[in-house]
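Hello,

I am passing on the structure you will be working with. Please look it over below, then read the notes that follow.

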Amino acid sequence: MKTFSIATAIALFAAMTVPAFASCDTRKEDDQAVCALGCEDNYVRHKQDMMADHAQLKADKKACDAKCGCPENSKDL
């Protein structure tokens with residue numbers, strides 16, 4: 001029982017700390033965040049164009065976020 005509780009505590013700690021190393025938060029300065037920021041900037045810049053194909057812009061943003069490893073950034077499009 002004691003071994004199981006220690007293993008569970010280690011697994012929970014590992015699950016909490018792993019996301020801190022690679023983040024899609026664009027306020028951070030790691031490579032993944034810089035890539036996600038580029039996707040967001042490109043989307044916002046072209047979204048304001050009245051003649052833009054907005055369906056294509058959404059598809060491009062989803063593809064860019066997937067390439068960066070941050071598909072959760074475009075789930076609300």
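Disulfides in the model

Cysteine 68 is buried, since its relative accessible area is 9% and the cut-off for buried is under 20%. Please keep in mind that this is a predicted model.

How many disulfides does a search of the whole structure find? The search gives 2. A disulfide is a covalent bond between the sulfur atoms of two cysteines.

One of them involves cysteine 68, whose partner is cysteine 35, with the two sulfur atoms 1.7 Å apart. This link is left-handed, at -65 degrees about the S-S bond. Cysteine 35 belongs to helix H2 (residues 31–47) and cysteine 68 to helix H3 (residues 54–68), so the pair ties together parts that are 33 residues apart in sequence.

Another disulfide joins cysteine 39 to cysteine 64, at an S to S distance of 1.9 Å. The link of cysteine 39 and cysteine 64 is left-handed, with -75 degrees about the S-S bond. Cysteine 39 lies in helix H2 and cysteine 64 in helix H3, so parts that are 25 residues apart in sequence are tied together by this pair.

Which is buried and which is partly exposed, cysteine 39 or cysteine 64? Cysteine 39 is buried, at a relative accessible area of 3%. Cysteine 64 has a relative accessible area of 22% and is partly exposed.

Regards

Conventions:
Residues are numbered from 1 along each chain as its sequence is written. This is a predicted model: local features need pLDDT of at least 70, side-chain atom pairs count only at pLDDT 80 or more; totals for chains, interfaces and linings use all residues. Side-chain values use heavy atoms; hydrogens and water are left out. A disulfide is a pair of cysteine sulfur atoms within 2.5 Å. Helices (H or I, at least four residues) and strands (E, at least two) are DSSP runs, numbered from the N terminus. Buried means under 20% relative accessible area, exposed over 50%, partly exposed in between (1.4 Å probe, protein chains only).
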